[in-house]
Amino acid sequence: MKRFLLFLPLLIAIVVGIVLFAGIGKDPTKLESALVGKPVPAFSLRDLHNPDTMLDQSLFQGQVSLLNVWGTWCPACKDEHDDLMWLAEEKGVNIIGLNYKDNREDALVWLDRLGDPYRKTIYDPRGTLGFDLGVYGAPETFVIDAGGVVRYRHVGVVNETVWEQTLLPVINDVRGNG
Amino acid sequence: MYPEFGQIALILALLLAVLLSVVPLVGSLAGRDNLMAFSRPLSSGMFVFVGIAFAVLTHAFLVDDFSVAYVANNSNSLLPWYYKFSAVWGGHEGSLLLWILMLAGWTLAVAIFSRRLPDVMTAQVLSVLGMVCVGFLLFIVITSNPFDRTLPNVPADGADLNPLLQDFGLIVHPPMLYMGYVGFAVAFAFAIAALINGRLDAAWARWSRPWTTVAWAFLSLGIALGSWWAYYELGWGGWWFWDPVENASLLPWLSGTALMHSLAVTEKRGVFKSWTVLLAIVTFSLSLLGAFLVRSGVLTSVHSFAADPERGTFLLGLLAVTVIASLALYAFRAPVVHVRSRYGSFSREVFLLLNNVLLVSATILVAVGTLYPLVLDYLELGMLSIGEPFFNLTFSPLAVAAGLLLGAGIFSRWKKTDGGWLGRKLLWPLAISTLVTAAVLVGYGGFTTWAFLGVFASVWVTVATFWDLWDKSSSRKGRLHGLKRQSRSYYGMVLGHLGLAITMVGATVVSNYGIERDVRMVPGDVASVGDYQVAFKSIGQRQGPNFTAQYGTFDVLLDGERVAVLHPEKRQYTVGMSVMTEADIDAGLSRDIFVAIGERITDEAWAIRLQYKPLVRWLWLGSLFMAAGGFLAIADRRYRIRERADQKAEASTNVPESGSPTSAGATS
Amino acid sequence: MVRIVCLVLALLLPAFAAADVADVYEFSDRAEEQRYQNLIAELRCPKCQNQNIADSNAPISKDMRDVVYRMMNDGASNEEIVESLVGRFGEFVRYKPEFDSRTFLLWATPAIAVFGGLLVVAGVVIRSRRSGPESPALSAEEKARVDKMLADQDRSS
C-alpha cells in the first residue's frame, strides 16, 4: 500500500504530461464563436455603396454565405483580399462584407483599388453589428447557412489552405444538411 | 569574432556535460576514485565553455552584428548599450543560454563548495546536474541555436527590442529569477543522489539545506523584481495578475518554501525524509514546468515567448524524461520504513507539517487553476478562463491561515509542546495583535473582513516573532549578550518571517484601501484621489533616443502643498511603431501616487488614470527581507564549520587536543 | 490587481475639492462605481494576452467597457451584463468561472487539499503516539553534566 502511494506522483505527472502534449500547436488566441447555432443578430445598417439603402439580417436568407469582417486599417485584411477575390470570382462563393469601424470614403477607395469581392457590403462604422457577432479583431470570416444561422467562425486570414481545409468542409456540411 | 565560436563552445560544453553525467556516476557506483575525481574538472570545463558562448553572444549584441539572426530580431543600432546587453536574454534563444549559464554556474559552485561532502555524494550530485545540463544543451544546440546566421541577407538594422523590455527591469529580473529556478536543480540533484546511493539521512538534509535556501532567496528576489517591474512598466498599477507565467514562478516558490521547512525537520529530527525528497523533486519539476509553459505557447500570457510547436515538443520531452525518471526512481527507492519517533500534537514537527500542508495546498491550487483550462480543452468540454477573481478568492484564505499558523508555531518546541502552555503563551500576543490591527484599520478608515484578516495575520506574525526573540535573548549577562548569542540561522528565520508579514500587510492594505479613478482632464483641471489633489499642468511633445512621446506634467498636492511633479508619457517607438504608456509615480514608503495617461478623448481632453496606493512598496520590501533572511541563514553554517576547522588546525599545531564539545548547529 | 476597492467612506474622508473633474464614466454613487470596477475586473479581453477589460488598451475592451457602463445605467443586473457579453464572446470572457459540474473540482481544490493534508497530519500524529515508550528521562548524573556544559558555554561565549 505504502509503495503504491509512492507511485501516485508519477501517475499524476504522466497525466499532466499527456494534457500538456495535447495542448502543443493549438493556438489559444483563436476563440470559438459563441454564436454557432444561433441566427445572425438583428441589425439595420446602411449599405456601403448606397448610403440610402438599409440592410438587415434578411440579407442572409436563401443561400449559404460567408460574412467577412474587414477594415482599411487592418493590414492582414489587405493580405487576404486577393484570396477573397479568387473565391468570389473563380469559385463563385457568396461573400457579404462587413466594413468594421472604418471610414466610408477610405473603404470605397480601397475596394475601388483592390477589387470588390462582396455581393453586398454592410457599413458598420461604430462596430455595433461586429460587437453583437462577438468580433474581437479583423479579419474574421463567418459561415452562415441559408436560414441565416451562424455555423462557424474563422479568426485570421482566409487563404487557399483555410478555404480547403476549414471553410469548404463546413459549407458542404451545411449544404448536405439542407 | 566569429559567432560560430559560440556554437562550437556550446557543442563542447555539451560533450563535457555528457562526460560529467556518466564518468563520476559510474565511478561512484563502482568505487573508482579516479573516475569520481573527474567531477570537478569537468564541471569547471563545462562552465568555461558555456561562459565563452555567452560572451560571444554578448559581444555580437554590443557590436551590432546583425548577421546573427537572434541579434537582428532583438536589437537595433539605436538601442542604448545597456539595453543591448540585456537584450541578450530578451528572446527565447538568449534567455535559454542565460539559463544554461546559470545551471553551469550552480554546478561549478557545488563543485567548489563541496569539500566537506563524501566523494561519492559529490560525484553523484555533479553527475545529476550534468544530466540536467545535457538536456538543456541538447535543446539549445538542436532547436534553439542563438548563433544562427542571417547570411547572405544581412539586414541593415535590427528589428529592435520590444519597448516593454527596454527597461532596467529586464537587466535584473530574469537573471535573479533564473538563479532561483535553476538553483533548485541543486536540491534536486542532492535528492536524486540520495535515492541512488540510499544514504538518506539527517546529514543529507544538512548538506541540501543551504543550497535550497539560497535558491529560494534568489527566486524570492526574482519574483519581487518581476512584480515591481510590471507595476511601473505596464501602466495600470497592478502588481500581480495571476498570469500563467507568473504562476509558473510562484509554484516552485511555494513548493520551495515547503521544502526549506521540511528540510529543517529532516535535519533536526531525521523524520519526513521521504516527503522531503519528494518535495525536492517536485520543486525542480515545477521550475521545468515553468520553463515549458513560457516557451511552448500552450497557455496565453503577456509574458510568453513566441510559440514554436517543435520547441514545445522537445522541451516537453525533456521535462517528461526528467520528471518521470526521477519520480520513478523515487517510487522504487524511497524508504517506506519510517523512523519511529514520538511527537506531541503541538510539537514543532506538527506545526511544520501543517505549514507544509498549507503551502502544498497553495501549490496545488495555483497549479490546478493554471492548468484547468488546458484539461477542459483536452476533454473538449469547452473554454474556460481562470484569473484574478478566482485566485484571489481561493488563495487569500490559505495565506491568512499560514500566517496564523506561523505565529503560533514560533513558540512551539521540538518533540513536545504543552498545549495549555502554548495557549497561555499566545494570549498576550493575541491581545496586542488585535489592538494593533484595529488601530491600523481605523487609521486607514474602514473595516472589511479581508482587511482585518490580512492585517491581523501580518501583525500576529510580527508580534510573535519579536516576542520569541525577546524570550530567547534573555540572558544573565544582559540583553545585548543574549541577542548576540543567537545564531545567524535564527536571525535569518526572523528576517524571513518578518519579510512575509511585511509583504502580506502591503498586499492587504493596497488591495483594500487603494483608490483608483479614471477621469477626464484638460490642462488646468485638478482631480482628487484620496487625500491628494492632482493638477494637470500641461502636455507637450518630447523626443527620446528611439521614440517620440506625449509628455504630460502633473502636480501632486497634499493639503495645498505641492509634494511632487510627475511626467507620465505616451510613447511611440520609431522602429516598430508600437505605442506605450509610461506611468509616472511619486513613490513613498507609506504610499505611491500613480498617474498614467490613457486615451485622447478630444483635442484637449485626455483620460487620466490616477491611483493612490498605500503601502504598495511594502510588497517588495518584504521580499527583500525574505531574501536577506535566506542569505543570512546560509552564512551561519559555513562560518561555524570553517571556524571549527581553523580552530582544529590551530589546536593541532600547538598542543594535542583534549576533546572539546562540538556543537552541531544549535537553536532553530 | 484590480482588487482595488473604492472606499465607501463619505463619512470618514474629507470632502472632495469643489472643482473636481468628471470621471470618464460617471456613476450616481460610490457603490455603483465600485460595482462597475468589480465587473470590469471579472471580464476578460478576448483579444489580449490574458488581461481583464479594466487594464486593457485594446479597442474591443473599450467597447466592452462602454457596453457595461451603458447596461448598468439601463438598470441591468450583473448577471444580465455578463450573460450578454458571454452570449457574444463565449465563456472565455468570464474570468471568474461559474460553479457548475464542469468547474466543481476547480473550486473544491483548496478544500480537498487542505482537508486531505489535515487527515494525513492527524494520521501521522496518532501513529507516532502508538510508537514505543517515551525516551527515558535524563538521570540525575546526566542532568548535572548537562547543566555544567550549559554553564561552560555561557561563560565562554
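# A tour of three chains

Start with chain C, where residues 24 or more positions apart account for 48% of the contacts with a separation of 6 or more. A contact means heavy atoms within 4.5 Å. This is a predicted model: local features need pLDDT of at least 70, side-chain atom pairs count only at pLDDT 80 or more, and totals for chains, interfaces and linings use all residues, while side-chain values use heavy atoms, with hydrogens and water left out. Residues are numbered from 1 along each chain as its sequence is written, and chains are lettered from A and ligands numbered from 1 in the order in which they are written.

## Stop 1: chain C

Keep chain C selected and colour it by secondary structure. Read from the N terminus, its elements go α-α-α-α-α. Helices (H or I, at least four residues) and strands (E, at least two) are DSSP runs, numbered from the N terminus.

Of the 157 residues in chain C, 42% count as buried. Buried means under 20% relative accessible area, exposed over 50%, and partly exposed in between (1.4 Å probe, protein chains only).

## Stop 2: Thr109(C)

Zoom in on Thr109(C). It sits in helix α4 (residues 104-130) of chain C. Is Thr109(C) buried or exposed? Thr109(C) is buried, because its relative accessible area is 9%. Next, show what it touches. Leaving out residues up to four places away in sequence, Thr109(C) touches Ile364(B), Leu365(B) and Val368(B). Those names take you across to chain B.

## Stop 3: chain B as a whole

Draw a box along the principal axes: the C-alpha atoms of chain B fill roughly 85 × 75 × 60 Å. Of the 668 residues of chain B, 61% are buried. Chain B exposes about 25400 Å², with carbon and sulfur atoms supplying 65%.

Colour the charges next. Chain B has 48 positive and 44 negative side chains, and the centres of the two sets lie 17 Å apart. Lys and Arg count as positive, Asp and Glu as negative; His and the chain ends are not counted. Each charge is placed at NZ of Lys, CZ of Arg, CG of Asp or CD of Glu.

## Stop 4: strands of chain B

Select residues 569-573 of chain B, which form strand β6. Four of the five residues in β6(B) are buried. Which strands pair with it? One is β4(B) (residues 547-558), which runs antiparallel to β6(B) and is joined to it by five bridges. Another is β7(B) (residues 579-582), antiparallel too, over four bridges. Two strands pair if DSSP finds at least two bridges between them.

Click on Gln572(B). In β6(B), it is the bridge partner of Thr548(B). Gln572(B) also stands opposite Val579(B) in β7(B).

Move on to strand β9 (residues 591-600) of chain B, where eight of the 10 residues are buried. Strand β8 (residues 584-586) pairs with β9(B) in the antiparallel sense over three bridges. There, Ile585(B) partners Phe594(B). Four residues make the hairpin link from β8(B) to β9(B).

Then follow β9(B) to β10(B) (residues 606-614): eight bridges join this antiparallel pair. This hairpin has five residues between its strands. Look for Arg591(B) and its bridge partner Pro614(B).

Show the side chains, too. In a regular strand the side chains alternate between the two faces of the sheet.

## Stop 5: chain A

Finish with chain A. It has five helices and seven strands. From the N terminus, the order is α-β-β-β-α-β-α-β-α-β-β-α. Its radius of gyration is 21 Å, well over the 16 Å that the globule rule gives for 178 residues, so chain A is more spread out than a compact globule. The C-alpha box is roughly 80 × 35 × 30 Å along the principal axes.

Buried residues make up 48% of chain A. Its accessible surface is about 8500 Å², and carbon and sulfur atoms own 53% of it. Last, colour the charges: the mean positions of 17 positive and 23 negative ones are 10 Å apart.

Definitions and conventions
Accessible areas come from the Shrake-Rupley method with a 1.4 Å probe; for residues, only the protein chains shown count as cover. The radius of gyration is taken over C-alpha atoms; the globule rule is 2.2 Å times the number of residues to the power 0.38.
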